[in-house]
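Trainee: Hi! Could you walk me through this one before I start setting things up?
Mentor: Happy to, let's look at it together.

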Amino acid sequence: MLVRLSIPAGAEHAEVVRQRGIAPEPTYGGQLQDMAIPGVVPEGKVRLSYATRTERFSDGFEVELRMPELNITELGYGPMHPQTQFSLRVAPPMIGLGLLEAIPESALLANADPEDSNDDGVSGRPNRVYDQLTHEAAIGRFGWKAGQPNLNQQNADAFFNDMGLTTSLFTGSSCTDRQQDCRRMPDGGELEVSDNILAQVLFYTRNLGVPARRNVDDPQVLAGKTLFHRAGCQSCHVPTFTTGDAAEPELANQVIRPYTDLLLHDMGEGLADHRPEFEASGSEWRTPPLWGIGMTETVSDHTQFLHDGRARNLLEAILWHGGEAEKAKQTVLGFDSDERSALLAFLESL
């Protein structure tokens, strides 16, 4: 888990917002670093507690939901800006990313309905972000708010902000001007991650495969699929795309089933982090792909979902849906025990 930071953007932040999507916190930057190398003070310590509330199904079954409450202690470089915006993030799965990158832009835009012209309550729209290579606007695909346009930039951003390593896309220091002890420390020179290493990481992230589905003909799974569509979940979790041309030939012209539209949707106040990113508002999130979600516990040894890991299982994740997904959630709240089990069996088969 990490903590993203920003402040409300003013006119003086126009250029940094154009390139980074946010106005960084002046002392601590865009991401809190709670660890540091010897000789440098960590920026702070992250402490979490949880508040709870209960959702009740029509048959009386109750589910306790938890909401993280953030407390940052031991600030190493003085107080933060009084209007600092915080967003807890956990790492999303890395499977199938090259296939998502290969979906034609026209196919993504075909699912966008920013004005909800069909009056179904769902109004997905793309995030438009900054491409560090072309220096132009591009559609965002990666990250919880679709803040990165392609995998190479996503990887380079992770090297820079998560590990403090420079690439040809991100140079300089992630330490702010107010952290002079950090800036004076030895570094790996320019560039710390060569274009060759960056290309190898890109090849890996593009080609990490998606696990095969399981139990696809099981009657309970098929019943769950019907319920998934009855609730309208497929409006955002779009089942099928066909990839177009791709950098890697094996990724091109494939029918894929990621269960996402890669678009932004307003998920309501319950999930809002109140932190804009490029064109994404503080309550908008990119639809996360569902493929492979049934293998989460096997691969990661946990079943924590959503952008901050608050959901401890798939049912809790569903019940956090609001905003454009409120209608779908209310439909699910009407499911009885057998229907809930079938819906979960379908999701676990993906």
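This is a predicted model: local features need pLDDT of at least 70, side-chain atom pairs count only at pLDDT 80 or more; totals for chains, interfaces and linings use all residues.

Trainee: Okay, helix α4 then. How far apart are its end C-alpha atoms, and what span should it have?
Mentor: The end C-alpha atoms of α4 are 17 Å apart. Helix α4 has 13 residues, 151-163, so at 1.5 Å a residue it should span 18 Å, and the two values agree.

Trainee: What happens at the start of α4?
Mentor: There, a side-chain oxygen of Asn-150 comes to within 3.4 Å of the backbone nitrogen of Asn-152.

Trainee: And which residue follows α4?
Mentor: That's Gly-164, with a positive phi near 75 degrees.

Trainee: Which residues of α4 are buried?
Mentor: The buried set is Leu-151, Gln-153, Asn-155, Ala-156, Asp-157, Phe-159, Phe-160 and Asn-161.

Trainee: What do those buried residues pack against?
Mentor: Their packing partners are α2 (97-101), β5 (128-131) and α6 (195-207).

Trainee: Is Thr-167 buried or exposed?
Mentor: Thr-167 has a relative accessible area of 1%, so it counts as buried. Leaving aside residues up to four places away in sequence, Thr-167 touches Ala-156, Phe-159, Leu-191, Val-193 and Leu-198. Ala-156 and Phe-159 are also among the buried residues of α4.

Trainee: New topic: how many salt bridges are there?
Mentor: The count comes to 19. One of them links Arg-183 and Asp-177, at 3.2 Å from N to O.

Trainee: How accessible are Arg-183 and Asp-177?
Mentor: Arg-183 is partly exposed because its relative accessible area is 38%. Asp-177 is at 57%, so it counts as exposed.

Trainee: What about the pair in α10?
Mentor: Lys-329 and Glu-326 form a salt bridge there, with their closest N and O atoms 3.6 Å apart. They sit 3 residues apart in helix α10 (residues 326-333), so about one helical turn separates them. Lys-329 is buried at 7% relative accessibility, while Glu-326 is partly exposed at 29%.

Trainee: Which residues are joined into one network?
Mentor: Salt bridges with shared partners join Arg-89, Lys-145, Asp-273, Arg-275 and Glu-277 into one network. In the bridge between Glu-277 and Arg-275, the closest N and O atoms are 3.9 Å apart.

Trainee: Are Glu-277 and Arg-275 buried or exposed?
Mentor: Glu-277 is buried, with 10% relative accessibility. Arg-275 is buried as well, at 2%.

Trainee: Now the surface. Which residues make the nonpolar patch?
Mentor: Met-1, Leu-48 and Tyr-50 make a patch of about 270 Å². Met-1 is in the segment before β1 (2-6), and its 52% relative accessibility is why it counts as exposed.

Trainee: Last one: where is Ala-137?
Mentor: Ala-137 belongs to strand β6, residues 136-139. With 67% relative accessibility, Ala-137 is exposed.

Key:
Residues are numbered from 1 along each chain as its sequence is written. Side-chain values use heavy atoms; hydrogens and water are left out. Helices (H or I, at least four residues) and strands (E, at least two) are DSSP runs, numbered from the N terminus. The expected span of a helix is 1.5 Å times one less than its number of residues. Buried means under 20% relative accessible area, exposed over 50%, partly exposed in between (1.4 Å probe, protein chains only). Contact means heavy atoms within 4.5 Å. A polar contact is a pair of N or O atoms within 3.5 Å; within protein, one must be able to donate a hydrogen and the other to accept it, and residues adjacent in sequence count only if both atoms are side-chain atoms. Patches are made of residues with over 30% relative accessible area and no salt bridge: like charges are joined within 9 Å, nonpolar side chains (Val, Leu, Ile, Met, Phe, Trp, Tyr) within 5 Å. Accessible areas come from the Shrake-Rupley method with a 1.4 Å probe; for residues, only the protein chains shown count as cover. A salt bridge is a side-chain nitrogen of Lys or Arg within 4 Å of a carboxyl oxygen of Asp or Glu.
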